[in-house]
Amino acid sequence: MKIDKNFLIKRVLPPTLGMIAGYAYYYFIGCANGSCPITSNPYISTIYGGIAGLLLSFPSKKKQEQNDAKQS
């Protein structure tokens, strides 16, 4: 089975970087007294960071329309 490098770069790397950024946010900026629901728990901030990275990895509709127009 061959691993597609393009898939890894476009779909796996952004969520991974988002998870790292989410944990870093918890570690360096997080909430010490527990009143902040996202930043007071490392698991939740890591998951939110991963979701943000995943959402950023999806192509936008505008970009697809521009590519379709160029091909025509």
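How many helices and strands are there in the protein chain? In this predicted model, the protein chain holds 3 helices and 0 strands. The C-alpha trace spans about 60 × 35 × 15 Å along its principal axes. Of the 72 residues, 15% count as buried. Among contacts in the protein chain with a separation of 6 or more, 47% are accounted for by residues 24 or more positions apart.

Confidence was examined next. The average pLDDT of the protein chain is 86, and 90% of the residues score at least 70. Helix α2 has the highest confidence, with a mean of 95, whereas helix α3 (residues 61-71) has the lowest, with a mean of 67. Where pLDDT is low, the predicted coordinates should not be read in detail.

The packing of α1 against α2 was then considered. Helix α1 covers residues 5-28 and helix α2 covers residues 42-57; their axes come within 6 Å and cross at roughly 145°. The crossing of α1 past α2 is right-handed. On the α1 side, the contact is made by K10, R11, P14, P15, G18, M19, G22, Y23 and Y26. These residues meet P42, S45, T46, G49, G50, G53, L54 and S57 of α2. By residue class, the contact of α1 with α2 comprises 7 nonpolar, 8 polar and 2 charged residues. Glycines are found on both sides, including G18 and G22 in α1 and G49, G50 and G53 in α2.

Y25 lies in helix α1, and T39 is found in the loop between α1 and α2. With a relative accessible area of 41%, Y25 is partly exposed. T39, by contrast, is buried, as its relative accessible area of 13% falls under the 20% limit. Apart from its neighbours within four places in sequence, Y25 is in contact with G30 and T39. When residues up to four places away in sequence are likewise left out, T39 touches Y25, Y26, G30 and C31.

Y25 and S60 are 35 residues apart in sequence, and their C-alpha atoms lie 26 Å apart in space. For Q71 and Y25, the separation is 46 residues in sequence and 42 Å in space, C-alpha to C-alpha. Q71 lies in helix α3, the element with the lowest confidence in the protein chain. Q71 counts as exposed, at 68% relative accessibility.

How values were computed
Residues numbered from 1 in each chain as written. Predicted model: local features only at pLDDT ≥ 70, side-chain atom pairs only at ≥ 80, totals over all residues. Heavy atoms only, no water. Axes fitted to C-alpha atoms, helices over the stretch in contact; angles between N-to-C directions. Helix = DSSP H or I, 4+ residues; strand = E, 2+ residues; numbered from the N terminus. Left-handed = near helix turned anticlockwise from the far one by under 90°. Contact = heavy atoms within 4.5 Å. Nonpolar A, V, L, I, M, F, W, Y, C, P; charged D, E, K, R; others polar. pLDDT = per-residue confidence, 0-100. Buried < 20%, exposed > 50% of the residue type's maximum accessible area, 1.4 Å probe, protein only.
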